[in-house]
Amino acid sequence: MYYVSIQESIKDILITPLGSRVMLPEYGSRLFELIDRRVDDEFRADLTTYVFEAIEKWEPRVKISEVRLKSLINGKLNFSLVLDNNEVVEVAA
């Protein structure tokens, strides 16, 4: 049996736009809604909300305690997720 690593699963969930999978349209995250938005407190709040929503729904093996925005350069979003066991998952979307 094939087991997907937690980090791979998290990254797949977050980089998949909602509605992009025909047979599973609710799979993914709303991160694509952040494209072309100014990085401010509302952006950071939405980033955190979208990450929590998607991971809580699609990856029951982990709980996130914090989302840390690292950079947004040339449309590339880089952030870290701190899990409740203090493991850090780096995400580039």
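**Close-up views of a predicted chain**

**View 1. The whole chain.** Along the sequence, the protein chain runs α-α-β-β-β. That gives two helices and three strands. Helices (H or I, at least four residues) and strands (E, at least two) are DSSP runs, numbered from the N terminus. This is a predicted model: local features need pLDDT of at least 70, side-chain atom pairs count only at pLDDT 80 or more, and totals for chains, interfaces and linings use all residues. Residues are numbered from 1 along each chain as its sequence is written, and side-chain values use heavy atoms, with hydrogens and water left out. The C-alpha atoms fill a box of roughly 45 × 35 × 20 Å along the principal axes. Of the 93 residues, 31% count as buried. Buried means under 20% relative accessible area, exposed over 50%, and partly exposed in between (1.4 Å probe, protein chains only).

**View 2. Ser9 and its polar partner.** Ser9 sits in helix H1, residues 6-15. Its relative accessible area is 11%, so Ser9 is buried. The side chains of Ser9 and Glu59 make a polar contact at 2.6 Å. Such a contact is a pair of N or O atoms within 3.5 Å; within protein, one must be able to donate a hydrogen and the other to accept it, and residues adjacent in sequence count only if both atoms are side-chain atoms.

**View 3. Trp58 and its neighbours.** Trp58 belongs to helix H2, residues 41-58. Trp58 counts as partly exposed because its relative accessibility is 25%. Leaving aside residues up to four places away in sequence, Trp58 touches Ile13, Leu24, Glu26, Tyr27 and Gly28. Contact means heavy atoms within 4.5 Å. Trp58 and Ile13 are 45 residues apart along the chain, yet their C-alpha atoms are separated by 7.3 Å. A polar atom of the Trp58 side chain lies 3.2 Å from the backbone oxygen of Glu26.

**View 4. The largest pocket.** The largest pocket holds about 260 Å³ of space. On a 1 Å grid over the protein atoms alone, a pocket is an open set of points where a 1.4 Å probe fits, with protein on both sides within 12 Å along at least five of seven lines; lining residues have an atom within 4 Å of a point. The lining has 16 residues, and Leu31, Ile35, Gly75, Leu77 and Ala93 lie nearest the pocket centre. The lining divides into 11 nonpolar, three polar and two charged residues. Here Ala, Val, Leu, Ile, Met, Phe, Trp, Tyr, Cys and Pro count as nonpolar, Asp, Glu, Lys and Arg as charged, and the others, Gly among them, as polar.

Definitions and conventions:
Grid points are joined across faces, edges and corners, and a volume is the space filled by probe spheres set on the points.
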